[in-house]
Amino acid sequence: MSASLSEDALVIFTPSGKRGRFALGTPVLQAARSLGVDLDSVCGGRGICSKCQITPGYGEFPKHGVTVEPGALSEWNAVEDRYNRIRGLKEGRRLGCQARVMGDIVIDVPPESQVHKQVIRKSATEREIAMDPATRSFYVEVEEPDMHIPTGDFERLKRALKDQWKINDVSADLTVLRKLQTVLRKGEWKVTAVLNHGNHDTAHRILDLFPGYTEEPLYGLAVDLGSTTIAAHLCDLSTGKVLASSGLMNPQIRFGEDLMSRVSYAMMNPGGDVEMTKAVREGINSLILSISGEAGISSAQIYEMVIVFNPVMHHLFLGIDPVELGQAPFALATSDSLSLDARALDLTAMNHNARVYVLPCIAGHVGADAAAVALSEEPNKSKDMVLIVDVGTNAEILLGNEKRVLACSSPTGPAFEGAQISSGQRAAPGAIERITIDPLTKEPRFRVIGSDLWSDDPGFAEATAKTGITGICGSGIIEAVAEMRMAGLVDASGLIGGPDQTGTLRAEPHGRTFSYLVHDGSAVGGPRITVTQGDIRAIQLAKSALYAGARLLMDETGIDHVDRVTLAGAFGAHISPKHAMVLGMIPDVPLEKVTSAGNAAGTGARIALLNRAARDQIEATVHQIHKVETAIEPRFQEHFVNASAIPNAVDPFPELAKIVTLPDVSFNTGGSGGTEGRRRRR
């Protein structure tokens, strides 16, 4: 029933994914608090502090099953108008304490409005990179003008670059020409020119000019634009040193948590693609300013960016409608690398003449981020068979060796990020990130982001007093499900047993199924954090898609085993190989053969930023990688169904069996949460 025909409305908050129905007229801030949504407020809802700013989304949201009409929130009121006049609100923002729910609505809580700020866990990995950047400084001494030799200042600058540096062809933007004469005379005909020469450029391009000799450092950004997070590394273009790494949530999340939701939004809402393009560019500009501030430099000193992303993000960042990527044959507008002006992409926070290099995409669903992983990890140079898994909302998978490399993408969804989980949240201080469960007592112990202590360690309560225990993030829910399987709380099919079946009152009735209580903070006003049957199913769907993609590549290669597995991204850095194997997320290999590559996509972007030859290398490599399309391959569905069991219904896991004995239990919840099932041992 639509909100107009009922007395309540559906409210969906992103990025948390939490939702609920509320009476018409309910303030957004009140709705957020009742759902446990992380929306800040200091002034008690009087419209003074502005901490509760939110961004409503309008149009059709197929993934959420709602259509948001223009009147879904109350009209702009006098309090908001006053605040906007005095301090200013970003376009499209509302104050959550003032805006009231008047219809079904999707509401995004931006990072600055969240009490527990997101932790973007994509730090730079140590890497030795041969320095050959496309952007460099050149000091030259220019001939003074002569009335008898009628050449312009720019022509004499070009001649100086040719004579003193063997640089034959030079071009300059009008903004450079406007300042040229002033700089030359101030420097007494001695200048330092900042030149960019990309791997496909015939001419050097002057980006900036300084009077006299200067060692003013030049900086570049390596950006990994993911579906959920945007991570950036600020690098010194002379030394390769990473000065700062930072990130933020992708503001497009309010249009859909996964890629196909965003494609659907573009299809269903005229101008939706333009809206999403604007949002992500504004997000990157914000990130540029924040990372510059963190490093203590001017953002105008950033002269170059290398950016990687999946194909949908590629199109939306470039301002290309992604509709063709939502249907077979999943055609890209272009798969080649691109060199562009930053200002053409509305990246105004960088130097006005900055350049942007976009790595090539491999195919319609395997993007420049996978190419960056291939550049970083070089599976095409491996002697043994390596499986590289870069997991996010969309998994990029590479399999191969020096003979052949295959690639595919797999729609894992946002569950690994803590979204669509009942007590789930993004990684932030207070979120449970590690957990173990005693197989005998069924009691949990856990660790939260922001503290190195475990929950049963002395001083844990004091250490977490400031952040609280707020929810469970992606790494936490993955470990929780694996630990529940090892402790006999969950059977191979993914069913949670009841208290009589499992021997613990932490197994609580939850509708027609059961849930497992991890932490009860209700006595001190905190949340009850549980793992529900729905949470288990969400993780099963995500891990099944991941494993099925890997298994499909193994089929194409004609193998049943891989020699080693490399886990890339935040997933690889924060999930133990043991728990990944227990769930059946990755193929069975000895645990010592499972390693982490950190943010491999970001590392690949950094290599391309600092070394022009690496750009040629990856452009050649992507043409040698064979793409496998999971969406149209029948065997993917077969592998997906088999992988829904924990760890797998068909494929053996002999290496896992050497270190873990999984309880042989089977639960049947029957018709209600209180109906006891059966427990059997073979």
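Colleague: Which element gives the most to the lining of the largest pocket?

Modeller: Rolling a probe the size of a water molecule over the atoms shows where empty space is left. On a 1 Å grid over the protein atoms alone, a pocket is an open set of points with protein on both sides within 12 Å along at least five of seven lines, a cavity is a set where a 1.4 Å probe fits but cannot get out, and lining residues have an atom within 4 Å of a point. In this predicted model, where local features need pLDDT of at least 70 and side-chain atom pairs count only at pLDDT 80 or more, totals for chains, interfaces and linings use all residues. Residues are numbered from 1 along each chain as its sequence is written, and side-chain values use heavy atoms, with hydrogens and water left out. Here α6 gives the most to the lining, with nine residues; helices (H or I, at least four residues) and strands (E, at least two) are DSSP runs, numbered from the N terminus.

Colleague: What volume does the largest pocket have, and which residues are the closest to its centre?

Modeller: A volume is the space filled by probe spheres set on the points, which are joined across faces, edges and corners. The largest pocket has about 870 Å³, and of its 35 lining residues, T55, R93, P251, R254 and E282 are the closest to the centre.

Colleague: How many aromatic pairs does the structure hold?

Modeller: A pair of aromatic rings is described by the distance of the centres and the angle of the planes. Rings of Phe, Tyr and Trp (its six-membered ring) pair if their centres lie within 6.5 Å, and planes under 30 degrees apart count as stacked, over 60 as edge-to-face and the rest as tilted. The structure holds eight such pairs, among them F138 and W165, which are edge-to-face at 5.1 Å centre to centre with 75 degrees between the planes. F138 lies in strand β8 (residues 135-141) and W165 in helix α3 (residues 153-165), so the pair ties together parts that are 27 residues apart in sequence.
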